[in-house]
Amino acid sequence: MTLPMKILAGAVRHAILLTTGSLVLAPFVWMVSLSLKPPAELFSSSFTLLPQHWFAVENYARALTEAPLPRYMLNGVIVCAAILLLQIMICAPAAYALAKVRFAGRQVMFGFVLIGLLIPHQVLALPLFILCYGLGIFNTYAALIFPFVVSPFGIFLFRQFFMSIPDDIVHAARLDGLSELSIVWRIMLPMSLPAVLAFSIVSVVSHWNDLFWPLLVVRSQEFMPPSLGIVTFANAEAGNDYGPLMAGATVVVAPLVISFLAAQRWFIEGLTAGSIK
Amino acid sequence: MKAQQASVVDRRSRVETGFAETLAGYTLAGPALVLIFALFILPGAAVLAIATTDWHLGAKTLSFVGAANFTSLFADRVFRAALFNTAVYVLMVVPSTLVLGLSLALLIESGKSLRAFYRAVHFLPFMTSLAAMAIVWEALLHPTIGLVNQVFGLIGLPTANWLRSEATVLPILAIIGTWQSLGLALVLFLAGLKAIPQDLYDAADIDGADGVLDRLRVVTLPSLAPVSLFVLIVVTLRAFAAFDIVQILTRGGPGDASVMLLYALYRESFEYLTTGYGAAIAVIFLVIVIALAMLQTRVVNSRTSRS
């Protein structure tokens with residue numbers, strides 16, 4: 001290609017990608033823009049990105065006080081942290097057993113993991129709902145956490161990583177007198193940090209964003225995670241009072257967007273791996 | 001390499017395997033095994049069982065009805081609408097996601113500057129709460145104060161009450177679905193592009209295929225075929241599972257114009273409490289997912305056996 005052609009091709013590339021990029025980002029920009037505006041400006045026919053009169057403080061204050069938004073966020077943190085911790089505690093030893101320990105029934109167990117990997121959660125919602133009711137944990141944190149404490153995807157991912165760790169390391173650790181569990185915690189997991197990080201991102205993102213299951217098992221606002229919370233806020237906030245609602249949506253979306261911008265590569269690699277389950 | 005390692009483990013195990021190692025295996029894997037049974041295998045079996053009964057959620061009695069739920073499902077106008085709408089939605093979301101994802105991936109890879117930036121921008125919707133963003137989309141599509149109608153009015157395009165009109169509701173949901181899945185397809189295609197060996201391009205150069213379009217036709221697109229099939233399945237699975245946007249934006253309306261499979265499942269099981277009926281929908285959804293997953297396994301296997 002000649003030099004002018006190259007410059008032209010580059011310009012076209014940027015022009016197209018900037019256009020599609022702005023279209024993709026438009027909902028985010030619109031969300032933040034509305035969250036800064038007073039009600040009067042929402043209805044004005046001439047739209048501007050920034051408000052003429054800043055109303056951010058009022059909108060965000062209303063979002064944080066009229067709806068129990070801080071509560072939703074705290075619930076999200078509690079539920080996501082509990083799920084992730086339990087998942088790693090339960091999945092890592094199982095993955096180690098499947099990768100490095102020879103025992104009768106290992107293949108059968110791996111088969112069950114694959115079946116679990118295959119079944120979409122929505123299919124199981126009904127029996128799990130009945131189970132939560134039977135256990136008396138309906139409308140509690142436990143109902144939000146319990147169905148997810150074991151992740152077939154987590155076992156699968158950790159097993160793959162553990163299998164690539166040489167057997168010699170395991171043997172050496174056994175000779176040093178380490179118990180099987182301490183091999184998992186002190187050798188396998190630290191050597192598989194990329195897998196741990198990828199799995200953590202998949203787990204936290206999917207449970208922070210999940211609507212389907214919380215919608216079924218949580219009725220009171222004190223247990224609602226962020227996604228269900230913002231939907232409840234939207235339903236209560238009937239009418240066109242978009243300012244506080246958009247402020248709320250911004251607050252719900254912000255933690256993950258900020259983490260994403262800080263650790264882009266990890267998010268992209270992790271979530272791509274997670275989509276393949 | 002892997003096979004070698006495995007055989008070493010095999011030989012060792014034949015010598016050492018004993019009660020102790022089996023005990024260790026079950027102690028380590030036991031909790032996960034029990035929980036997979038309680039939370040996946042048994043509930044899965046329960047769905048199949050409930051689907052053959054006339055059970056209403058909370059009712060004390062139920063009776064076996066065989067395949068009656070399935071026959072009445074396929075005779076049910078609303079369920080047929082759900083199947084039809086889901087198919088239409090999938091047929092809109094999947095091709096547009098694939099074509100856009102591939103085009104943008106090629107475009108991003110064609111230059112060196114701002115690659116990571118463009119990738120991040122297009123990926124952002126994939127990882128944000130669709131529930132929160134659906135509320136934002138509702139504001140964007142608001143008939144009077146929404147940005148879409150304001151801009152369309154300004155440049156002389158037709159405006160509409162997008163989510164309340166039977167003609168536009170499914171295409172709009174498909175646009176939102178595409179907007180969300182695009183980043184995933186893009187990133188998978190980018191990984192596929194990076195995996196194409198430079199030798200292939202060099203060989204094409206020598207054979208005289210040195211134009212941009214020639215290279216695309218001779219090397220890039222054929223090399224991407226397995227990845228494309230993979231993206232196709234992943235995006236299709238996601239499209240079949242659309243729920244949040246229906247629940248938040250339309251509740252299946254207007255009429256039944258946007259009822260989809262998972263929304264029908266939710267409504268029958270948890271709002272109408274016709275649980276047996278809802279379980280039958282879950283079974284149908286599961287069959288679709290398993291069919292796609294089997295296709296995916298075949299694709300992955302043929303890819304690994306080829307390399």
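**Contact of chains A and B**

In this predicted model, the contact draws on 76 residues of chain A and 77 residues of chain B.

Me: Which helix gives the most to the side of chain A that touches chain B?
Reply: Helix H1 (residues 3-35) of chain A does, with 12 residues. By class, that side of chain A holds 60 nonpolar, 11 polar and five charged residues.

Me: Why is H4(A) called oblique to H2(B)?
Reply: The axes of helix H4 (residues 69-100) of chain A and helix H2 (residues 19-50) of chain B come within 8 Å and cross at roughly 125°. Roughly perpendicular ends at 115 degrees and roughly antiparallel takes angles over 145, so H4(A) counts as oblique to H2(B). The crossing is left-handed.

Me: Which residues of H4(A) and H2(B) meet?
Reply: From H4(A) come Ile90(A), Cys91(A), Pro93(A), Ala94(A), Tyr96(A), Ala97(A) and Leu98(A); from H2(B) come Gly25(B), Leu28(B), Ala29(B), Pro31(B), Ala32(B) and Leu35(B). This contact has 12 nonpolar residues, one polar residue and no charged residues.

Me: What makes Asn75(A) count as buried?
Reply: Asn75(A) has 23 other C-beta atoms within 10 Å. A residue is buried at 20 or more, so Asn75(A) is buried. Asn75(A) lies in helix H4 of chain A.

Me: Which residues is Asn75(A) in contact with, leaving aside its neighbours within four places in sequence?
Reply: Phe223(A), Met224(A) and Pro225(A) are in contact with Asn75(A) on those terms. As for Leu42(A), 33 residues apart from Asn75(A) along the chain, the two C-alpha atoms are separated by 31 Å.

How values were computed
Residues are numbered from 1 along each chain as its sequence is written. Chains are lettered from A and ligands numbered from 1 in the order in which they are written. This is a predicted model: local features need pLDDT of at least 70, side-chain atom pairs count only at pLDDT 80 or more; totals for chains, interfaces and linings use all residues. Axes are lines fitted to C-alpha atoms, for helices over the stretch in contact, and angles run from 0 to 180 degrees between N-to-C directions. Helices (H or I, at least four residues) and strands (E, at least two) are DSSP runs, numbered from the N terminus. Angles under 35 degrees count as roughly parallel, over 145 as roughly antiparallel, 65 to 115 as roughly perpendicular and the rest as oblique. A crossing is left-handed if the near helix is turned anticlockwise from the far one by less than a right angle, and right-handed if clockwise. Two residues are in contact if their C-beta atoms, placed from the backbone, lie within 7 Å. Ala, Val, Leu, Ile, Met, Phe, Trp, Tyr, Cys and Pro count as nonpolar, Asp, Glu, Lys and Arg as charged, and the others, Gly among them, as polar. A residue is buried if 20 or more other C-beta atoms lie within 10 Å of its own, exposed if 12 or fewer, and partly exposed in between; C-beta atoms are placed from the backbone.
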